[in-house]
Number of protein chains: 2
Amino acid sequence: MSTGPTFKRLPRAVREQQMLDAAVRVFSRRGFHAASMDEIAEDAGISKPMVYAYLGTKEELFVACLHREGTRMMQAIAGAAAPDLPADERLWRGLRAFFGFVGAHRDGWAVLYRQARGEQPFAGELATMRARLVEVVAGMLDHALRGEGREVAATDLEVVAYALVGATESLADWLADHPEADPEKTATRMMNVAWLGAGQLLHGVTWRPPAF
Amino acid sequence: MSTGPTFKRLPRAVREQQMLDAAVRVFSRRGFHAASMDEIAEDAGISKPMVYAYLGTKEELFVACLHREGTRMMQAIAGAAAPDLPADERLWRGLRAFFGFVGAHRDGWAVLYRQARGEQPFAGELATMRARLVEVVAGMLDHALRGEGREVAATDLEVVAYALVGATESLADWLADHPEADPEKTATRMMNVAWLGAGQLLHGVTWRPPAF
DNA sequence: GCGTAACCTTACGCACGAGTAGGTATGCTC
DNA sequence: GAGCATACCTACTCGTGCGTAAGGTTACGC
């Protein structure tokens with residue numbers, strides 16, 4: 001056979017990656033429940049029992065996708081936002097890396113966040129990742145605040161960080177739905193909202209509800 | 001039968017509300033797929049065919065829940081944020097109404113947002129509601145900007161509004177997960193982030209990426 | 001008191017898709 | 001080139017849960 005049409009035997013590690021690629025594609029376009037293992041297998045160019053043999057049940061497969069995509073994303077962010085930079089520089093680089101990642105892996109983002117958020121077994125998994133991110137952002141805020149000689153209750157920091165992360169995720173959704181949009185520009189916009197808002201808080205400016 | 005224990009025949013309108021109540025409860029604690037029509041029927045104290053007769057298929061039932069809860073929420077917000085108030089007052093009242101609503105209907109919120117976001121058939125429905133909200137927020141920003149004699153591209157406004165709405169939803173999630181948290185205080189925190197950040201933008205202060 | 005229309009039930013059909021049993025081919029080692 | 005492990009397949013089982021057919025029962029008009 002002259003050009004051996006590639007659908008020969010492959011080592012396990014390679015097939016596993018192909019399967020994960022297919023799974024991410026299918027999960028993101030169908031949703032967890034509507035996706036069938038048959039379709040994933042077909043998309044990966046393999047038969048169903050192989051998927052079970054390598055990646056386990058449907059839930060385990062989904063978690064595997066979640067982990068791979070999540071780890072890639074975290075690495076992209078961590079690699080960009082070195083901890084010894086000043087706060088605004090760090091935030092900016094982190095945001096840019098994040099939106100760059102989402103822009104480049106729109107379907108990965110879809111499977112990672114939109115699906116996992118609602119489904120009971122995965123919501124916890126996701127919450128853990130988000131919590132790590134919130135922790136980092138809160139740490140940055142705290143660091144910057146102490147640099148200004150100010151101090152704020154941990155809960156307040158956490159909630160503000162939570163809002164910032166939420167806004168960022170929301171813009172990521174927006175980005176995923178607008179293929180023509182520019183990740184870099186989106187990051188700049190987010191930076192504006194985050195840094196100016198947070199910056200005011202850092203300088204002790206706060207808004208208070210009107211007395212009555 | 002001395003005290004006829006209430007589980008007699010009831011007019012359609014009443015039963016429909018009972019069913020919707022039950023559906024919201026079950027959907028929110030199980031998720032859309034894991035929820036079974038049998039369980040919803042049982043929870044409503046009725047048999048399954050009645051649910052089908054009144055509210056239609058499972059998807060239609062879910063959409064009905066979505067609509068009822070969504071409408072209630074929109075009315076709560078619209079009723080609080082009168083359009084003739086100044087922008088910050090309006091934003092504050094809207095936020096307070098929103099977080100108050102979420103605090104009072106934590107399971108309704110769960111069914112409304114967390115579930116619908118991921119599931120393909122409902123994501124569109126939800127996106128429509130969110131779009132309306134974004135439109136309103138963007139309108140407020142635009143109004144305030146023009147009051148300052150400034151003008152900003154529609155896309156920029158939309159994206160900022162999107163971020164604000166995302167941050168708010170995120171805090172609502174946080175609130176739903178923290179039963180001891182105070183809606184009013186959460187609203188204040190959100191107002192801080194939103195108003196101070198947006199306020200800066202209104203005054204023409206922007207952040208720019210470092211040149212290199 | 002009797003029809004009729006709405007309310008409500010039990011009991012089932014049926015499709016779909018997760019997961020598996022058991023068998024075949026291929027390459028690698030000695 | 002015998003043996004063995006690993007890659008890979010076709011073809012099934014079987015539970016689950018949506019949606020329904022066909023039949024009871026209560027209220028209300030006349």
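Visitor: Which residues come nearest to DNA strand D?

Guide: A residue is near a strand if its C-beta atom, placed from the backbone, lies within 6 Å of it; of the 20 residues around DNA strand D, R12(A), S47(A), P49(A), M37(B) and T57(B) come nearest. This is a predicted model, in which local features need pLDDT of at least 70 and side-chain atom pairs count only at pLDDT 80 or more, while totals for chains, interfaces and linings use all residues. Residues are numbered from 1 along each chain as its sequence is written, with chains lettered from A and ligands numbered from 1 in the order in which they are written.

Visitor: Which helices each supply at least two residues of that surface?

Guide: Helices are DSSP runs (H or I, at least four residues), numbered from the N terminus; here α1 (12-30) and α3 (48-55) of chain A, and α2 (37-44) and α3 (48-55) of chain B, each supply at least two.

Visitor: Which residues of α4(B) are buried?

Guide: A residue is buried if 20 or more other C-beta atoms, placed from the backbone, lie within 10 Å of its own; in α4(B) these are L61(B), F62(B), C65(B), L66(B), E69(B) and M73(B). They pack against α1 (12-30), α3, α5 (87-104), α6 (106-118) and α7 (120-147) of chain B.

Visitor: How many residues does each chain bring to the contact between chains A and B?

Guide: Residues are in contact if their C-beta atoms, placed from the backbone, lie within 7 Å; chain A gives 38 residues and chain B gives 38. On the chain A side, α8(A) gives the most, with 13 residues.

Definitions and conventions. A residue is buried if 20 or more other C-beta atoms lie within 10 Å of its own, exposed if 12 or fewer, and partly exposed in between; C-beta atoms are placed from the backbone. Two residues are in contact if their C-beta atoms, placed from the backbone, lie within 7 Å.
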